[in-house]
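Here is a short briefing on one protein chain. Overall features come before a closer look at a single residue.

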Amino acid sequence: MNKYYYFVASVDTDTDISLYCGTWETSDDDFPLMYIRKRIAKQLNVPTKRVVITFYNEITETNYKAYNNGKQD
């Protein structure tokens, strides 16, 4: 059974600090914290140590789909 999460990360981009928000679907038992940090760092081209997940919470599949409505990976 899949789990769905909403998360917020603080990212130091060297010119400012920004928030990065997103959702994640996983079949794992828990939120994949380090994987998400590495993915954000790669996407924004910053070192992993500059990405801090400040919040995550399990959400419903309905909320996950509503958040991602119209978004493509």
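## Chain overview

Of the 73 residues in the protein chain, 30% count as buried. The model is predicted. The chain has two helices and three strands. Read from the N terminus, these elements follow the order β-β-α-β-α.

**Dimensions and contacts**
- Along the principal axes, the C-alpha atoms of the protein chain fill a box of roughly 40 × 25 × 20 Å.
- Among contacts in the protein chain with a separation of 6 or more, 56% come from residues 24 or more positions apart.

**Surface and charge**
- The protein chain carries 9 positive and 10 negative charges.
- The mean positions of the positive and the negative charges lie 5 Å apart.

**Q43 in context**
- Q43 is part of helix α1, which covers residues 33-44.
- Is Q43 buried or exposed? Q43 counts as exposed because its relative accessible area is 51%, and the cut-off for exposed is over 50%.
- The side chain of Q43 also takes part in a polar contact: 2.7 Å joins it to the side chain of Y20.
- How far apart are Q43 and E58 in sequence and in space? Q43 and E58 are 15 residues apart in sequence. In space, their C-alpha atoms are 23 Å apart.

Methods
Residues numbered from 1 in each chain as written. Predicted model: local features only at pLDDT ≥ 70, side-chain atom pairs only at ≥ 80, totals over all residues. Heavy atoms only, no water. Helix = DSSP H or I, 4+ residues; strand = E, 2+ residues; numbered from the N terminus. Buried < 20%, exposed > 50% of the residue type's maximum accessible area, 1.4 Å probe, protein only. Polar contact = N/O pair within 3.5 Å; in protein donor to acceptor, adjacent residues only side chain to side chain. Contact = heavy atoms within 4.5 Å. Lys, Arg positive; Asp, Glu negative; His and termini not counted. Charge placed at Lys NZ, Arg CZ, Asp CG, Glu CD.
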